[in-house]
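Thanks for making the time this morning.

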Amino acid sequence: MNKIRVLIVDDSPFSQRLIKDALKESKYEVCGCAGTGNDGIRQYRELQPDLVTMDLTLPDMDGLECCRELLTIDPAGKIVVVSAMKDEAIINRGTAIGVKAFFQKPVKSEELLLGIEQIIVQQGNEAGPQHFLEYFIAAFTKNIIDMTGMDVISIDHSTIQPVVSHGLGVIIGITGSQQGRIMLDVSVDVAQEFTKKLLRTDEVADEDVFNSISEFTNIIAGHSISDINNVLKTKEFEIRLTPPSIIIGESIAIINPKMTSNTVTAKTAIGSLHMNVGFVGGK
């Protein structure tokens, strides 16, 4: 059985040694150690580890920013933070980026092993379309931050069915090796404020709102689908998108009895944005 390869990103040789000692004589193998964020990114590209432990205080960049860079390379990457700091604000920021777990130094060997084991088991259970959600969450979070300059305060998941619109929804179909849909849904007020952020203006017309929310959804979907296709290209896997459709009105239920979907809610300073992603099977 191949060992699970771990990259340690931490500027403290002492902490590197403690983590190495915690993982030795187990099914894990430390494949690399980096003392800076940039070296961690370089080694991540070269070594392609199964999991990364990340310190938050690095000489050249913030540890969470380094996490974000790594998850841009691989949205399905598994990263745990091992740091002296573990407060609510850090956990919320890290969770929004895609960090899987947080451990506070000095972390006990058994605590670290148990936490990593839970993440690996979860990864094994995520084979199939459910695993694709990671890519959509990464694109959703990244583009909110990059396109508006706003932070994502928190990310929540829900599988409540049916999906009920908050006022303005954009639906894009997914076709090909897997069929499904992505839907971005916001209240009208949030849609207007979000569009102002996107267009860097204080006044927007209804047409601006429809066009901006529609294209934002298209960008999230396009980034997600491209990443999934790239990862699965050796398996002759290919999925594509249909043109967006817009629904307007509160309390409109979106029902597909054959589809199990996940709703991801991103809380921001102007309100919440809801992304629903679901699949119904292959072509």
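R200 sits in the loop between α7 and α8, where helices (H or I, at least four residues) and strands (E, at least two) are DSSP runs numbered from the N terminus. Please keep in mind that this is a predicted model, in which local features need pLDDT of at least 70 and side-chain atom pairs count only at pLDDT 80 or more, while totals for chains, interfaces and linings use all residues. Residues are numbered from 1 along each chain as its sequence is written, and side-chain values use heavy atoms, with hydrogens and water left out.

R200 is exposed, with a relative accessible area of 58%; here buried means under 20% relative accessible area, exposed means over 50%, and partly exposed is in between, with a 1.4 Å probe and protein chains only. A positive phi in a residue other than glycine also turns up at S251, with a value near 65°. S251 belongs to the loop between β11 (245–248) and β12 (253–254), and S251 is exposed, at a relative accessible area of 61%.

How do α7 and α8 cross? Their axes come within 9 Å and cross at roughly 75°, the axes being lines fitted to C-alpha atoms, for helices over the stretch in contact, with angles running from 0 to 180 degrees between N-to-C directions. The two helices are therefore roughly perpendicular to each other, a label that covers angles of 65 to 115 degrees, whereas under 35 counts as roughly parallel, over 145 as roughly antiparallel and the rest as oblique.

On the α7 side, A191, Q192, F194, T195, L198 and L199 meet D206, D208, V209, S212, I213 and F216 of α8, contact meaning heavy atoms within 4.5 Å. The residues of this contact divide into 7 nonpolar, 3 polar and 2 charged, where Ala, Val, Leu, Ile, Met, Phe, Trp, Tyr, Cys and Pro count as nonpolar, Asp, Glu, Lys and Arg as charged, and the others, Gly among them, as polar.

Next, the aromatic rings. The count comes to 3 aromatic pairs, under a rule by which rings of Phe, Tyr and Trp (its six-membered ring) pair if their centres lie within 6.5 Å, with planes under 30 degrees apart called stacked, over 60 edge-to-face and the rest tilted. The rings of F194 and F216 have centres 4.9 Å apart and planes at 70°, so this pair is edge-to-face. It links distant parts of the chain, with F194 in helix α7 (residues 188–199) and F216 in helix α8 (residues 206–231), 22 residues apart. Both F194 and F216 are buried. Elsewhere, F132, F136 and F279 form one aromatic cluster.

Finally, is D55 buried or exposed? D55 is buried, with a relative accessible area of 5%, and lies in the loop between β3 (51–54) and α3 (63–73). An unreviewed UniProt entry lists D55 for "modified residue: 4-aspartylphosphate"; such positions are given in the numbering used here, feature names are shortened, and annotations may be inferred rather than shown by experiment. Leaving aside neighbours within four places in sequence, D55 is in contact with V9, D10, D11, G63, V82, S83 and K105. From K105 to P106 the peptide bond is cis, with omega near -5°, and P106 falls in the loop between β5 (101–104) and α5 (109–124).
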